[in-house]
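These are notes for a colleague who is opening this structure for the first time. Please read them with the model on screen.

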Amino acid sequence: MSETKPKKTTGRVNSFKIIQAIISVLFLAFLSWRLYNVISSGVYGPDTWVRFAISGLIIGSVYAVIAIGYTLVYGILFMINFAHGELMMIGAFSGYFVFEALKSIPVAATGMSFLDSYQIISVVLAFIVGMFMAALSGYFLEKIAYRPLRGAPRLIPLISAIGASIFLQNAAQVTFGPQRRTYTNPDALLRSQGWRIPIGGEEVILTYTGVLTFVLSILLLIGLYTLVMRTRYGRSMRAVAENKQTAALMGINVDRIISNTFIISGALGGAAGVMWGIHNGIIYHFVGFIPGIKAFTAAVLGGIGNIPGAMVGGLLLGIVESLGPAALGIDFQLKDVIAFSILVLILIFRPSGIVGEVLTEEKV
Amino acid sequence: MSKRYYLFSILIAVSLILAACGGAAKAPDVCAENPDETVCAVIEEGSTIKIGYAGPMAGDYSAFGIDISNAGLLAVDDAGEFNGFTFELLIEDTQGSGEGGASVANLYVSDPDVVAIAGHTFSGSTAAAIPIYNAARLPMLSPSATKADLTDGPQDVFNRIPFTDDLQGQFAAEYLYNVLGVTKLAVMHDGDAYGKGVAERVQEVYMSLGGEVVAVEAVTPGETDYSAVLTDIGASDPEAIYFGGYYPECAVIAQGMPVAGMEDVLLFSDDGSYGEAFIELAGPHAEGVYAATGAPLDSAAKAEFDAYFESIYGDPPGAISTFTWHGYDIVDALIQTIKSVAILGDDGSLYIPREALVEAVNGLSGYEGLTGVLTCNGGECNASGPSFQVVQDGAWVIP
Amino acid sequence: MKDLIKQGLRLGSIFGVVIIFLILFGLTSTLSDILGEFVNLESRTRTGNPGGLMILFALLSLWAGSSASASDRSNWKSALVSGVSVSLIIGLFVAAFILLVGFLDSADVEMRDYLAQLDHLSVQFLLYGRSLIAGVLITFGIFLIFGILGALLAYWYEAKQAGEVIQKQVLVLKEKALDSKLAKQYKENPRSKWIGYGLLGLVVFITPQFLGKYWNYAMGTVGIYVLMGLGLNIVVGLAGLLDLGYVAFFAIGAYTAGLLTAPAPLPLQIGFWPVLIFSIVMAAFAGILLGIPVLRMRGDYLAIVTLGFGEIIRVLIRSDMLAPYVGGPQGIRDIAGPSLFGIAFSGKAYLYLIIIAILLIILFTNYLQNSKVGRAWMAMREDETVAQAMGINTLYYKLMAFATGAAFAGLGGALFAARNQYTGPADHTLMVSINVLSLLIVGGMGSIPGVIVGAFVLKGLPEILRELDLYRLLVFGGLLVFMMIIRPEGIWPAPRRRMELHEGELDVLPPEESLVGKEG
């Protein structure tokens, strides 16, 4: 779809612009007024604000990792991989099964299960298996549901992706059963255990699982950024994103790059799934759907197709969701309303996201 | 390929239409004047007497539908033959929504062999279905639709065996204030009709008792991270949280409370949260959580049923939802009632006058089921309120 | 020969894995029940029909065998080789899987805790109620025998060239039919087109008389989705704006109708007909309101913002904040149905009302499509910059498309609420938007008959698939993917769009050039 260039606007369009600006300014004024009210009323102590921020950063970092999956695929194929959330679900289930299996293996030397005897190995194993299974699913997803549609108008792979998403959710439901399951973490990663930091006379718990999630997310993001921006392989990925025909002429195997993109984005989704399981504890067949939608929002917020954008978008969305309702004194039930309003507001002022689109500059 | 699907669909459509147009045969006295199948169901020789169950069979809350219908199937097995006829439990998916409920209701009323409805399961789907069954004169006996005002209105076919949300809310509020001595309560719910209904009732009664409600928040069902909203609740320093909703969300709340600075705060929930599944999900965080339960008191019949159910399905009753026993009772009660009303005709067909069956179900009295003695009065068949249990050492016990 | 074996092994492993997944999904028991019923086999277990399972396995291996031999059917030896290799592999895969499962089961491992379909009974069913070794051997035998049989049958069929003969006959018949006088007349005479429409109309008006209550209801739902499909067709198909939050307007229509006619939560109880008009106006107004900030955004940004708008509306109608005004999660009950001259519309009559609404909307859409507005939309979709240069005020026309589409959804919503006499947040989820978009694409974008066919498939198919209980959404999702692969232009596409899609097969267009292809 071709872009409306702002410079070519007619008189009537300008009136739209003015209305937009007025609405936005009013909205911003309203936001700051609410914020002022809440802060001056002193409902929340400093410890509460820190708790909100921690919660937002952790969930935001998971959003960021999932968002990168969307962004990578979008950057190369210009399609919204609606089934990406389901890859995360597959990763979460795989990690769960690894933990369950390891828990049932007794180790004679320690008298405990494998899971508790070799905790680091167990966690690493869960991540490896989770990422592998999700990557494998991503690979087959592309091969079965998307590759035959290459070159078709963009809505068609979108519908195919929606179909795949429905299929995977229900396949997981009938295979694993509809009930929810709890991750059995190794002892060192017990949920709700963590460092206790005294703030304003209260103890704020910084959970081990939360720290693991956050640090691992950032590492994954940095790793991926390096891969795409600094390596030879990344260069060929970017070349395919820019122009498939030219890239093919340059001797790049376009099909393989696309396949690998799905593998990488699937692995990221799988990692996010395992982190989700370890940190939040509860998984079921539908667990990927809501984070999937949120991460998609985050990817757009940051500028779709842009890796640092997805990161910024994810973290921002996480913080808005957790801090937003409190800061504005609104019911937490309406956190999605706030998140999406912020999205609209940002897109009005920065039509291609916060960071903008880098991978796809030429295309839009 | 696609052609075959068309053919398939046309075949099904045609057969359904034919089924809907099936005629009536010679009937004994009661049904003789009215050969119309809308007045008197005629089960021909070789057919089964159908009871329709409707609940969420796929999707988020399918655990309820699967559990209740599994129990219902056992009741059908136990019923055996009746004058050479067998019973059949039809199971349809409502997706738990109003639209799905209406759709299934229309499906059942267009099948002349369906004589009674075991359901529906959720209040929303039940509300949408009641007018349809009322017009078709199909008696309903619900295992789990608890919204208070369902039994009102211009209808007389709806009956249920669980206690209502209002009753449960009132009992819970009184228990919290009088027995547990909680003075500062935070109320949470999942934003769905059931959870919100109970939570609002608790809030209302609790405040009228003189307690203080310090915060009211709703969570989004299906999510698995409520740390932010719990932090917000924690900032208002409640002594206890009442949560209206189902066990998955309750487990997420139980897990999130310590991190939100509420290690010593009591969590109290409704019968949607009661069950083994909650303990399994919440793990060590389940300790000390209260919940209401409609699970029947221990009896010989219940112990026998529990063992039988577990041998068939692998899980004990109550593990997936608290309505397993209710599922058996409604189907069994309906079967007994149908047996009392049905007349064997000279032509070998079974005649079931619909109006008489509606009256018989409405007037059910002294039925001894797993959930207690059921006597229907104005649609409510079980007047007893909930009891409350607490998790101790990984099991629900009476405090 | 080596290639043949290699290909047989590859195909065999695909079939093997798929069959193992079927078992894990538990679809084998459902399918075996259906098959068993079909051939009147007595069922002996609760979980499925063992005889049916044998038939299912036999059919699958016939299929595998015949498709394995497809590459070389020149002589019976090569057919045999591919048949043996493929059936051996499938047999090994499935038999090994069943052996493993059966072994674990006999060792009292509770697989059911992790794999819901594998309880003791279904394992017994997979073994046909026999001992472990016997069951596994039977399975292996079935795959081996029928796989080879399939390959040989295919060879024999090819050798006789029976296929070609039949195909030729069909072609001849088709040509004859096309050449017949009637067809010629039909093609040449423009009046006959109207006769065709008349006949179609007659069928549409007679059918509800013969449908039972349930199908009347199901058809009513299909009809409401047709209305929404026609609306979204204008937004996406004609104006090229991807809208993922279309349910918002549906909800606004339904809630406007509900709030104004129901006794609670607002005691207004205005009659149905004026409220119907008002619902449409409200939805259109909401369309404009949403359009002003978002229409300057590009395709995918528009998609996510509209998706967000749909979610916002849903969250708001179930929120505590607005519960006193819109009913919260409990929704609105006792919404007034329409009545005319004292007669209330219900059942069949309501279906007619929906059909009339559809006809009116189709006429209106046709009129719009061929008017200045329709041409402006199409120009905009083809190339927005050029359209602007030609003096088309794109924002104005975009807003108009948005408002028109929203108005149709509002109409659909009002009819929906009044029919069920109830509406609540559960009726307005993201799935509604997704369904409407899917029906548009499955049916064929930009084409009115396509929308109708699409609605039948999308909303009718799940009703038909009720047979499959638990698996209906699973199968539905799979069919959606399958459909996109075999027929991306939709079942009944607009003629120009079909042309272009097939052109596209020869000369691959970069997909990013247009949201919905050049035409549709």
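1. The model is predicted. Begin with the polar contacts between chain A and chain C: they amount to five residue pairs, both residues of each pair being at pLDDT 80 or more. Salt bridges between chain A and chain C number zero.

2. On the chain A side, α1 (11-41), α3 (84-103), α5 (119-146), α6 (155-176), α11 (289-302) and α13 (335-349) each contribute at least two residues to the side that touches chain C. The largest share comes from α6(A), with 15 residues. Sorted by class, the side of chain A that touches chain C holds 42 nonpolar, 18 polar and eleven charged residues.

3. As for extent, 71 residues of chain A are in contact with 70 residues of chain C. Together, chain A and chain C bury about 6400 Å². Carbon and sulfur atoms account for 70% of that area.

4. Next, chain B and chain C. Here 44 residues of chain B are in contact with 31 residues of chain C. The area buried between chain B and chain C is about 3300 Å², and 54% of it lies on carbon and sulfur atoms. Three residues, B:E99, B:N106 and B:K196, supply 16% of the area that chain B buries against chain C, more than any other three residues.

5. How many salt bridges are there between chain B and chain C? The count is three. B:K196 forms a salt bridge with C:D320, where the closest N and O atoms are 3.8 Å apart. Between chain B and chain C there are also five residue pairs in polar contact, with both residues at pLDDT 80 or more.

6. Several elements of chain B take part in the side that touches chain C. Each of α1 (2-20), α3 (62-79), β4 (85-93), α4 (98-109), α7 (193-209), β9 (212-218) and α11 (300-313) supplies at least two residues. The element that gives the most is α4(B), with eight residues. The side of chain B that touches chain C divides into 23 nonpolar, eleven polar and ten charged residues.

7. One residue to look at is B:E217, in strand β9 of chain B. B:E217 is buried yet has no salt bridge. Which side chain of opposite charge is nearest to B:E217, and how far away is it? It is A:R34, at 10 Å.

8. The side chain of B:E217 does reach the backbone nitrogen of A:F332, at 2.9 Å. Leaving aside neighbours within four places in sequence, B:E217 is in contact with A:D331, A:F332 and A:Q333 from chain A, and with B:V187, B:M188, B:H189, B:V229, B:D232 and B:I233 from chain B.

9. A second residue to check is B:V331, found in helix α12 (residues 324-341) of chain B. Is B:V331 buried or exposed? B:V331 counts as buried because its relative accessible area is 1%, and the cut-off for buried is under 20%.

10. Which residues does B:V331 touch, leaving aside its neighbours within four places in sequence? They are B:I51, B:G72, B:A75, B:V76, B:L89 and B:A118.

Terms used:
Residues numbered from 1 in each chain as written. Chains lettered and ligands numbered in written order. Heavy atoms only, no water. Contact = heavy atoms within 4.5 Å. Buried area = accessible area lost by both parts, 1.4 Å probe. Salt bridge = Lys/Arg side-chain N within 4 Å of Asp/Glu carboxyl O. Polar contact = N/O pair within 3.5 Å; in protein donor to acceptor, adjacent residues only side chain to side chain. Helix = DSSP H or I, 4+ residues; strand = E, 2+ residues; numbered from the N terminus. Nonpolar A, V, L, I, M, F, W, Y, C, P; charged D, E, K, R; others polar. Buried < 20%, exposed > 50% of the residue type's maximum accessible area, 1.4 Å probe, protein only. Lys, Arg positive; Asp, Glu negative; His and termini not counted.
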